[in-house]
Amino acid sequence: YTFLGDGCLMEGISHEACALAGTWGLGKLTAFWDDNGISIDGHVEGWFTDDTPKRFEAYGWQVIANVNGHDPEAIHAAINKAKAETSRPTLICCKTRIGLGAPTKVGTHDVHGAPLGDAEIAAARPHMGWVFPPFEIPQEVYEAWDAKKKGAAAEADWRHKFDRYAKAHPDLAAEFTRRMAGELPADWAAHAQKAIAAVNEKGETVATRKASQIAIKALAPALPEFVGGSADLTGSNLTNWTGCKHVSGRTPGNYISYGVREFGMSHIMNGMALHGGILPFGGTFLMFSEYARNALRMSALMKQRVIYVFTHDSIGLGEDGPTHQPVEQTATLRMIPNMDVWRPCDTVETMVAWTQAVEKRDGPSALCLSRQNLPFVKRDAAQLANIARGGYVLAEADGKAQAVIIATGSEVDLAIKAQAALAQEGVAVRVVSMPNTSAFDRQEAAYKASVLPKGLPRVAVEAGVTGGWYKYVGLEGAVVGLDRFGESAPAGVLFKEFGFTAENVAKAVKSVL
């Protein structure tokens, strides 16, 4: 059941979500439209003249029109009609007068978002026949609204049914209990470590969006709660996997093609996560995260385990140009409290990012992934273990380090090449990969100091805005980044044009020595 006002139906997401609900035939969904013709600015005739019942009929909903929203019996009858329709969602159009009972403000925008005021409250009492003082609830009213006994009986009945089910189907009952509790399978840790070891052993050079698909394919057999999807970009985001089953119209499955609905997709995933028993992930271009920003923020605010797969993460996507090239997106996603943002540099970091996102029970994760191939980097066991800490020493200096290069994603390779070039000039440099700044920030002070020693000059390299990196390099450090929009050209041309070369990174290091 959901409750809608006129303003809700003006929002674009109402079209995204309600059109899909009709296509999917969600017969368990009932929406109440509070049709009072008022929004904050006043009567809505000047800005909202849609024929809402016909709009929802076009979506494939059952529409129950002209219900008196102040008549409980009329609403009850409409609810029963909605329950009887199991193949379509239902819109109940409740005609109401906003502020009913307020003698002078009824039907006006003055009661939309502001208190009635002492005078109007005093006048409303005799107008409504209410003789009780403030905060006093008459016993008969309290008893009529008290559903504790009814609710306790309903829950006890459900528990009894589930106990019978558990005796008949113990394995299924245990799986249901595990998934609804948000717990991972008993063998999850071993499965995750095996997947990480496998990609480390294989050592592939692929785009991290492909590395993400490799991770999904490896982890999905252990996670029946996975429900994946994409906002019309499956072939680009690579969010599908062998064995997934597409949702098609009213045919169920575990992979959803949401259509071009980034905002709707993201909030639908929030809803699935809130329901429980499901671990949703969905993909789009990183640039298009802007369309879904409110939903991402709500994932974090509500502490829901939702995984966002954002591909084409920089100017490295090439000819599509500045409208599609993220510049500020990764940095601003990192600013959302409780959001873990991963920008991995190869298959191994991508697999670790996926396992960490799955294990994060108290918030969402965003994976920012490349379109272009990124080289595999060899690691020892300690380095593999430290990836989950968000930042770690990927390539130690040959000798006593004179500076540190911090890099993420596609720029890690540049850092390693700059390290080699500087070594030939007698400048020893440490390379730190920092795929998740938030995870690194959560580490104990001693670990952070071991990665970024105090007093050692630092340079950060990332194909995006530079501001956030001064937190790590200090005002005396340098950042090789991009504080302007991109251009339309092949990726290699763009990286060179904007200074993302080993030579320029080495130059930045020399500038801070």
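Two strands pair if DSSP finds at least two bridges between them. With that rule in hand, turn to the sheet of this predicted model. Seven strands form an open sheet with parallel pairing. Their order is β9-β10-β8-β11-β12-β14-β13. Strands β9 (246–247) and β13 (340–342) stand at the edges. Each has a single partner strand, so one side of each is left without a neighbour in the sheet.

Look next inside the sheet. Strand β8, residues 226–230, runs parallel to strand β11, residues 279–285. Three bridges join these two strands. Serine 230 has glycine 283 of β11 as its bridge partner.

Past the end of β8, follow the chain into a loop. Aspartate 232 is placed in the loop between β8 and α11. Its phi is positive, about 70 degrees, although aspartate 232 is not a glycine. Most residues other than glycine have a negative phi. Aspartate 232 counts as exposed because its relative accessibility is 53%, and the cut-off for exposed is over 50%. Asparagine 66 also has a positive phi, of about 55 degrees, and is not a glycine. Asparagine 66 belongs to strand β5, residues 62–68. At 74% relative accessibility, asparagine 66 counts as exposed.

Now to the aromatic rings. A pair of aromatic rings is described by the distance of the centres and the angle of the planes. The model has 21 aromatic pairs. One of them joins phenylalanine 56 and tyrosine 59, edge-to-face, at 5.3 Å centre to centre and 80 degrees between the planes. These two residues are three apart in helix α3 (residues 52–59), so about one helical turn separates them. Both phenylalanine 56 and tyrosine 59 are buried.

Tryptophan 241 lies in the loop between α11 (234–237) and β9, while phenylalanine 281 lies in strand β11, so the pair ties together parts 40 residues apart in sequence. Tryptophan 241 and phenylalanine 281 are both buried.

The charged end of arginine 389 sits over the ring of tyrosine 447, 3.8 Å from the ring centre.

Then come the nonpolar cores. In soluble globular proteins, nonpolar side chains tend to be buried together. The largest nonpolar core here has 83 residues. Phe226, Trp354, Ile406, Leu452 and Phe500 touch the most other members. Helix α15 (residues 347–359) gives the largest share of this core, seven residues. Domain 3 (187–368) and domain 4 (389–511) both give residues, so this core lies between them. Leaving aside neighbours within four places in sequence, isoleucine 406 is in contact with residues including Val432, Met434, Leu452, Trp469 and Tyr472.

Finish at glutamine 372. This residue lies in the loop between β14 (365–368) and β15 (373–374). Glutamine 372 counts as buried because its relative accessibility is 18%, and buried means under 20%. Neighbours within four places in sequence set aside, the contacts of glutamine 372 are Ala207, Thr208, Ser314, Gly316, Ser410 and Phe495.

Conventions. Residues are numbered from 1 along each chain as its sequence is written. Side-chain values use heavy atoms; hydrogens and water are left out. Helices (H or I, at least four residues) and strands (E, at least two) are DSSP runs, numbered from the N terminus. Buried means under 20% relative accessible area, exposed over 50%, partly exposed in between (1.4 Å probe, protein chains only). Contact means heavy atoms within 4.5 Å. Rings of Phe, Tyr and Trp (its six-membered ring) pair if their centres lie within 6.5 Å; planes under 30 degrees apart count as stacked, over 60 as edge-to-face and the rest as tilted. A charge sits over a ring if NZ of Lys or CZ of Arg is within 6 Å of the ring centre and within 35 degrees of the ring normal. A nonpolar core is a set of buried Ala, Val, Leu, Ile, Met, Phe, Trp, Tyr and Cys residues joined through side-chain atoms within 4.5 Å. Domain bounds come from an automatic or database domain assignment.
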